[in-house]
Amino acid sequence: MRLTMTLASTLIAAAAVLPMASVQAQQLVAPMVTSQSYQPGYSAWDGFYIGAQGSLIGMKSHEKNTTLAAEQLLGDIGGSAGVFAGYRYQLNDWLVLGVDGEVNNVATQFEYNGANYGALKWDAAVRATLGYPIANNVLAYGTVGYSWGRFDLSPHYGTADSAYTAGGWQLGLGVDMMVTQNLMARLNATWTHYGVNNVTRGGVADGTSEPSNSVVRAGLAWKF
């Protein structure tokens, strides 16, 4: 009988001590160390965004007209400033679809024999984007779209009707990063070819212009 009471007392004491030991063991476990950078959830890329950007532009154009001895390849490196906006939808953990558009004020100038030949004044584009999240807050993507540019060649031709608006296909690659839940940083590059365009002088066809450019952009956007 005495042995039975002793065993019962021991079991009761053990039952009381075990929960306290479990709590102390949990307290001894090292705390989880997490990165201090923003780590968004699954739907980090869903929604609209709008932002501003600056660009570095490498221009070239094949120019041919009655005043040139032969077809000339003109080039320039300039810059632009503009705005962009878009919408994205994340289908799953490895695919993000979207549409994107931009409008920019451009500062470039072609020169021929030391004189101003003409310039790209502004451009605009719409693009479809296909992205892959390489991290919770970093998206790598490719783009395909169409761009329009306003080219003013009146400094060389001498008439206002020598300006023209051209359009062409655009291809690109980029990386966007969510710095916070709403602030997005952007870096991308595109190549655009505007096709062969007829240029007039005083209403009469006088030559052709075939411009293209490579552009590197950096921007910041607010995601809604």
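1. Strands here, like helices, are DSSP runs numbered from the N terminus (helices are H or I with at least four residues, strands are E with at least two), and two strands pair if DSSP finds at least two bridges between them. Asparagine 198 has threonine 208 as its bridge partner in E10. Two residues lie between E9 and E10 in this hairpin, and glycine 202 in the turn has a positive phi of about 65 degrees.

2. Before going on, a word on what you are looking at. This is a predicted model, in which local features need pLDDT of at least 70 and side-chain atom pairs count only at pLDDT 80 or more, while totals for chains, interfaces and linings use all residues. Residues are numbered from 1 along each chain as its sequence is written, and side-chain values use heavy atoms, with hydrogens and water left out.

3. How confident is the predictor? pLDDT is its confidence in each residue, from 0 to 100. The mean pLDDT of the protein chain is 87, and 81% of its residues reach 70 or more. Please read two stretches with care: pLDDT stays under 50 over residues 1-8 and over residues 25-35. The model has zero contacts beyond four places in sequence for residues 1-8, and zero for residues 25-35 as well; contact means heavy atoms within 4.5 Å.

4. Back to E10, which spans residues 204-223 and pairs with strand E1 (residues 47-65) in the antiparallel sense over 17 bridges. In that pairing, tyrosine 49 stands opposite lysine 223 in E10. Strand E8 (residues 183-193) also runs antiparallel to E10, with eleven bridges joining them. There, leucine 187 stands opposite alanine 218 in E10.

5. Alanine 185 and glycine 219 are 34 residues apart in sequence, yet their C-alpha atoms are 5.9 Å apart in space. Leaving out residues up to four places away in sequence, alanine 185 touches Val175, Asp176, Met177, Val179, Gly219 and Leu220.

6. Now for another set of strands. E2 (residues 72-92) and E3 (residues 95-107) pair in the antiparallel sense over 13 bridges, and a hairpin joins E2 to E3 through two residues. Glycine 86 stands opposite aspartate 100 in E3. E3 pairs with E5 too, again antiparallel, over ten bridges, and asparagine 105 stands opposite tryptophan 122 in E5.

7. Which residue has a positive phi although it is not a glycine? The residue is asparagine 113, with a phi of about 55 degrees. Most residues other than glycine have a negative phi. Asparagine 113 lies in the loop between strand E4 (110-112) and strand E5 (115-135), and counts as exposed because its relative accessibility is 70%.

8. Phe48, Ile50, Tyr87, Tyr89, Leu91, Leu97, Val99, Leu130, Trp222 and Phe224 make a nonpolar patch of about 1000 Å². E2 gives the largest share, three residues. One of the patch residues is Leu97, which lies in strand E3 and counts as partly exposed because its relative accessibility is 35%.

Note on methods
pLDDT = per-residue confidence, 0-100. Buried < 20%, exposed > 50% of the residue type's maximum accessible area, 1.4 Å probe, protein only. Patch = residues over 30% accessible without salt bridge, like charges linked within 9 Å, V, L, I, M, F, W, Y side chains within 5 Å. Areas by Shrake-Rupley, 256 points an atom, 1.4 Å probe, with all protein chains shown as cover. Salt bridge = Lys/Arg side-chain N within 4 Å of Asp/Glu carboxyl O.
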